There are 2 protein chains.
Amino acid sequence: MASNHENSNIPDIVIGRLPIYLRALNRLSSEGYEITSSHELGQRLGISSAQIRKDLSHFGGFGKQGTGYQIEFLQDKLRKVLHVDREWEVALVGMGDLGKAIAHYKGFADRGFHISACFDSAPDKVGKKIAGFVVQPLSELITVVSERNIQLAMIAVPAEHAQSVANLLVEAGVHGILNYAPINLTVPPHMQVQYIDPVVGLQRMTYYFDE
Amino acid sequence: MASNHENSNIPDIVIGRLPIYLRALNRLSSEGYEITSSHELGQRLGISSAQIRKDLSHFGGFGKQGTGYQIEFLQDKLRKVLHVDREWEVALVGMGDLGKAIAHYKGFADRGFHISACFDSAPDKVGKKIAGFVVQPLSELITVVSERNIQLAMIAVPAEHAQSVANLLVEAGVHGILNYAPINLTVPPHMQVQYIDPVVGLQRMTYYFDE
């Protein structure tokens, strides 16, 4: 489940840039553009045009020299490569302030993801409706997620509970976790994990600040 | 402001891993450990111990071969390198669901950051108290941020307003922006920008999923 054999020789750092390219193309498209170039994309993204051409060349030819990229064609191609030419169901665990904000976020739907189940362990949250979702008890996570074959989950619980929630998700058959808790998770090798930690982003900037 | 001359030859990708190391060390410390090793850190982080030793060697010797790292010493050193041995004030722009969740988040304080001003343009939010902050009007952003010499900001407004907010922040003298809006910002070269976009993390995982 967690492999992509046809492209398995492509560095992960390249894969990490593809969603950024797709996001920029979506933006260009929403602004009414139909054609772009590696130069224009590069300027928008602060990435060299040579890097963009090299990254995209891993997946075949997208544009002829001098004529640029057809935005819609490149969007379609990147959606296929990233497997978001379909919609993935996502489970959300933790319905505190952060979980609520995630549940309300409108930006998942048109980019390949759909939150379809929300869980929390707090008795005052379970059964309540938040952002259109009825919060389900954590004790039902394994049953619900495995029966519905949900592949992706977001963890928005406090750091001290994140690993035990991750263990439940692994048992439920999830293959990818987006972890908002500021702690590294230990998971089996077949699992994908990505982290969202604002402090990591902030510290990465202050490194470059003078004291 | 945005340079770090003594370490200017260190690849940005190495800098990006330092906050992860610091986070893991904080965790080990909170679990009562006093000594760790590149092997133990590597296992927790899914990074090779050789990579960790190489990354840390950029900043001088931290441990003797075979005796491991003194966690507290390494934490102090990394905090100095990342310039979070002090506390940075941060402005937060956008007080919708996401902004509110950020304002409530408890994880900034002990990692070098302190939200000290919140802004929104909506008349029904300005003047209200959210998470202990009185929301200030966007029209006062430049005055407040420049007078208080705030160096960092977080953007939590909808994508279509993010660039204009970034322009205000640049004018106010901010040097680093953490952007939660799913759009790339165009900023002057001296600015640092980091992005928080959950969909980028999700798409990076689904790439590795079979269809």
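Tutor: What follows is a short walk through helix packing and some individual residues. Keep in mind that this is a predicted model.

Student: Start with α2 of chain B. Which residues of this helix are buried?

Tutor: Helix α2(B) spans residues 38-45, and B:Ser38, B:Leu41, B:Gly42 and B:Leu45 are buried there. They sit on the same side of α2(B), because they cover an arc of only 100 degrees around the axis.

Student: Why would residues with that kind of spacing point the same way?

Tutor: An α-helix has 3.6 residues a turn, so residues three or four places apart point the same way.

Student: And which exposed residues are on the face turned away from the buried side of α2(B)?

Tutor: That face carries B:His39 and B:Gln43, both exposed.

Student: What covers the buried residues of α2(B)?

Tutor: The cover includes α1 (12-30), β1 (35-36), α3 (49-57) and β3 (68-70), which belong to chain B.

Student: What follows α2(B)?

Tutor: B:Gly46 does, and its phi is positive, near 65 degrees.

Student: Over to chain A. At what angle do α1 and α4 pack?

Tutor: The angle between α1(A), residues 12-30, and α4(A), residues 71-81, is about 145 degrees. Their axes are 10 Å apart. The crossing is left-handed.

Student: Which residues meet there?

Tutor: From α1(A), you have A:Leu18, A:Tyr21, A:Leu22, A:Leu25, A:Asn26, A:Leu28 and A:Ser29. From α4(A), the partners are A:Ile71, A:Leu74, A:Gln75, A:Leu78, A:Arg79 and A:Val81. By class, this contact has nine nonpolar, three polar and one charged residue.

Student: I see a Gln in that list. Is A:Gln75 buried or exposed?

Tutor: A:Gln75, in helix α4 of chain A, counts as buried because its relative accessibility is 6%, and the cut-off for buried is under 20%. Leaving out residues up to four places away in sequence, A:Gln75 touches A:Leu22, A:Leu25, A:Asn26 and A:Ser29.

Student: How do α1(A) and α3(A) lie to each other, parallel or perpendicular?

Tutor: Roughly perpendicular. They pack at about 105 degrees, with axes 10 Å apart. A:Val14, A:Arg17, A:Leu18 and A:Tyr21 of α1(A) meet A:Gln51, A:Ile52, A:Asp55 and A:Leu56 of α3(A). That contact has five nonpolar, one polar and two charged residues.

Student: Now between chains. How do the axes of α8(A) and α1(B) cross?

Tutor: At roughly 130 degrees, and they come within 9 Å. That makes α8(A) oblique to α1(B). The crossing is right-handed.

Student: Which residues make the contact?

Tutor: On the α8(A) side, A:Val200, A:Gln203 and A:Arg204. On the α1(B) side, B:Asp12, B:Ile13, B:Ile15, B:Gly16, B:Pro19, B:Ile20, B:Leu22 and B:Arg23. The classes are six nonpolar, two polar and three charged.

Student: A:Thr206 is also in α8(A). What does A:Thr206 touch?

Tutor: Beyond residues up to four places away in sequence, A:Thr206 touches B:Leu82, B:His83, B:Val84, B:Trp88, B:Phe113 and B:Leu152. A:Thr206 counts as buried, at 0% relative accessibility.

Student: Where is B:Ile196?

Tutor: In the loop between β11 (192-195) and α8 (198-206) of chain B. B:Ile196 is buried, at 7% relative accessible area. Its contacts, setting aside residues up to four places away in sequence, are A:Ile196, A:Asp197, A:Pro198, B:Leu178, B:Asn179 and B:Tyr180.

Note on methods
Residues are numbered from 1 along each chain as its sequence is written. Chains are lettered from A and ligands numbered from 1 in the order in which they are written. This is a predicted model: local features need pLDDT of at least 70, side-chain atom pairs count only at pLDDT 80 or more; totals for chains, interfaces and linings use all residues. Side-chain values use heavy atoms; hydrogens and water are left out. Buried means under 20% relative accessible area, exposed over 50%, partly exposed in between (1.4 Å probe, protein chains only). Helices (H or I, at least four residues) and strands (E, at least two) are DSSP runs, numbered from the N terminus. The arc is that of the directions from the helix axis to the C-beta atoms. Contact means heavy atoms within 4.5 Å. Axes are lines fitted to C-alpha atoms, for helices over the stretch in contact, and angles run from 0 to 180 degrees between N-to-C directions. A crossing is left-handed if the near helix is turned anticlockwise from the far one by less than a right angle, and right-handed if clockwise. Ala, Val, Leu, Ile, Met, Phe, Trp, Tyr, Cys and Pro count as nonpolar, Asp, Glu, Lys and Arg as charged, and the others, Gly among them, as polar. Angles under 35 degrees count as roughly parallel, over 145 as roughly antiparallel, 65 to 115 as roughly perpendicular and the rest as oblique.
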